[in-house]
Amino acid sequence: MASDTLHALNGNPKCIFFTDFDGTITLRDSNDYLTDNLGFGYEKRRQGNIDILEGSLSFRDGFRDMMNSVKTPFPECIKELNANIKLDPHFREFYMWTREVGVPVIVLSSGMQPIIRSLLVHLIGPEGEDIEIGSNDVVDRPGRSRDEEGGWEIKFHDDSHFGHDKSLTIRPYAEAIAKMPENDRPTLFYAGDGVSDLSAAKETDLLFAKKGHDLVTYCEREGVPFTIFEDFSTILAKTKDIYSGKTNVKKVAAEGAKEFREGGNEMEKAQ
């Protein structure tokens with residue numbers, strides 16, 4: 001029997017699919033877009049990213065600095081993002097297949113829930129309302145309103161240095177599944193592109209790591225089973241094959257590691 005908090009286990013699914021949002025489901029990071037265009041700009045954001053990678057700045061503090069630099073009223077931020085952020089061209093097909101076969105999809109993001117929900121509904125349609133989201137949130141500043149200039153701020157999901165430790169959502173599922181009879185255990189997938197996704201990926205059976213991004217290198221180094229993807233057409237094909245029993249996680253991970261060693265981690269140039 002599934003816990004009331006582990007909704008995705010209801011119905012005994014064969015698979016559960018966790019996924020990052022920005023740069024994974026979308027082609028561009030919505031938070032980077034806000035910072036570059038409405039906040040303190042690309043150069044300062046890029047320096048913050050370098051400081052985070054070098055360990056002199058936590059992801060939480062760096063991300064708060066980015067969002068604090070955006071003074072535009074929050075409804076206008078959402079309007080700007082809906083006009084400029086595009087979906088992976090194959091995600092909608094993937095998501096419709098998961099609905100058809102009963103595979104729960106859970107978005108885990110360092111972004112803000114109202115932005116993610118608005119983009120999902122805008123880009124997918126009303127079905128986007130059904131996707132479970134685990135993320136940070138947005139709140140009014142004390143004595144202010146998010147509808148006014150400088151009136152909003154980010155509210156972090158937890159106290160971790162990430163602001164949102166995605167593994168905290170996945171781990172209870174992994175622990176509950178480990179207690180189930182082996183033949184009843186659903187396969188856990190995760191798709192992501194960044195180093196912040198690594199802790200989440202370690203909790204799942206197979207990671208889809210976006211080609212051309214640091215996560216692939218980190219997974220190879222840390223021994224996390226992974227396979228490379230460039231867009232959701234690859235994810236859909238491989239998930240379908242695992243779901244139907246044509247292949248399994250170990251084979252896909254072995255093929256992914258071989259592909260990485262032979263082909264490297266560079267994204268193919270558009271023709």
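Q: Is threonine 72 buried or exposed in this predicted model?
A: Relative accessibility is the number to read here, and the limit for buried is under 20%. Threonine 72 has 16% relative accessibility, so it counts as buried.

Q: Where does threonine 72 lie, and which residues is it in contact with, leaving aside neighbours within four places in sequence?
A: Threonine 72 belongs to the loop between α3 (59-68) and α4 (74-84). With those sequence neighbours left aside, its contacts are Leu38, Cys77, Glu149 and Trp152.

Q: How do I read the sheet, and in what order do its strands come?
A: The open sheet here has seven strands in the order β4-β3-β2-β1-β5-β6-β7, and the pairing is mixed. Its edge strands, β4 (152-155) and β7 (226-229), each pair on one side only. On average, neighbouring strands of this sheet are turned by 25 degrees against each other, direction ignored.

Q: Which strands does β1 pair with in the parallel sense?
A: β1 and β5 pair in the parallel sense over five bridges, and phenylalanine 18 stands opposite tyrosine 190 in β5. β1 and β2 also pair in the parallel sense, over three bridges. There, threonine 19 has valine 107 in β2 as its bridge partner.

Q: Why is β1 described as largely enclosed by the rest of the structure?
A: Five of the five residues of β1 are buried, so the rest of the structure largely encloses this strand.

Q: How many bridges join β5 and β6?
A: Strand β5 (residues 187-192) and strand β6 (residues 206-210) pair over four bridges, in the parallel sense.

Q: Which helix lies across β2 and β3?
A: For a helix on a sheet, ask which strands it crosses and at what angle. Helix α6 (residues 113-124) lies across β2 (105-112) and β3 (132-140), and it runs at about 125 degrees to β3.

Q: What should I look for in a nonpolar core, and how many residues does the largest one have?
A: In soluble globular proteins, nonpolar side chains tend to be buried together. The largest nonpolar core in this model has 48 residues, and Phe17 and Phe91 are those with the most contacts inside it. Not counting residues up to four places away in sequence, phenylalanine 91 touches Ile25, Ile124, Ile131 and Phe232. There is also a second, separate core of 24 residues, which includes Leu6, Leu198, Ala201 and Ile228.

Q: How many aromatic pairs are there, and which residues do ring pairs link into a cluster?
A: The count comes to 14 aromatic pairs. Ring pairs link Phe17, Phe91, Phe94, Tyr95, Phe189, Phe208, Phe229 and Phe232 into a cluster.

Q: What geometry do phenylalanine 18 and tyrosine 173 have as an aromatic pair?
A: Read the angle between the planes: over 60 degrees counts as edge-to-face. Phenylalanine 18 and tyrosine 173 have 65 degrees between their planes and lie 5.6 Å centre to centre, an edge-to-face pair. Phenylalanine 18 is in strand β1 (residues 15-19) and tyrosine 173 in helix α7 (residues 167-178), so the pair ties together parts 155 residues apart in sequence. Phenylalanine 18 is buried, with a relative accessible area of 0%, and tyrosine 173 is buried as well, at 2%.

Q: Which residue lies over the face of tyrosine 243?
A: That is lysine 14, at 4.3 Å from the ring centre.

Q: What is the phi of asparagine 12?
A: Asparagine 12 has a positive phi of about 50 degrees, although it is not a glycine. This residue lies in the segment before β1, and at 65% relative accessibility it counts as exposed.

Q: Where is proline 225, and what is it in contact with, leaving aside its neighbours within four places in sequence?
A: Proline 225 sits in the loop between α9 (214-222) and β7. It is partly exposed, with a relative accessible area of 39%. Apart from those neighbours, proline 225 is in contact with Asp205, Leu206, Leu207 and Ala253. The C-alpha atoms of proline 225 and valine 249 are separated by 8.5 Å, with the two residues 24 residues apart along the chain.

Definitions and conventions: Residues are numbered from 1 along each chain as its sequence is written. This is a predicted model: local features need pLDDT of at least 70, side-chain atom pairs count only at pLDDT 80 or more; totals for chains, interfaces and linings use all residues. Side-chain values use heavy atoms; hydrogens and water are left out. A nonpolar core is a set of buried Ala, Val, Leu, Ile, Met, Phe, Trp, Tyr and Cys residues joined through side-chain atoms within 4.5 Å. Buried means under 20% relative accessible area, exposed over 50%, partly exposed in between (1.4 Å probe, protein chains only). Contact means heavy atoms within 4.5 Å. Rings of Phe, Tyr and Trp (its six-membered ring) pair if their centres lie within 6.5 Å; planes under 30 degrees apart count as stacked, over 60 as edge-to-face and the rest as tilted. Helices (H or I, at least four residues) and strands (E, at least two) are DSSP runs, numbered from the N terminus. A charge sits over a ring if NZ of Lys or CZ of Arg is within 6 Å of the ring centre and within 35 degrees of the ring normal. Two strands pair if DSSP finds at least two bridges between them. Axes are lines fitted to C-alpha atoms, for helices over the stretch in contact, and angles run from 0 to 180 degrees between N-to-C directions.
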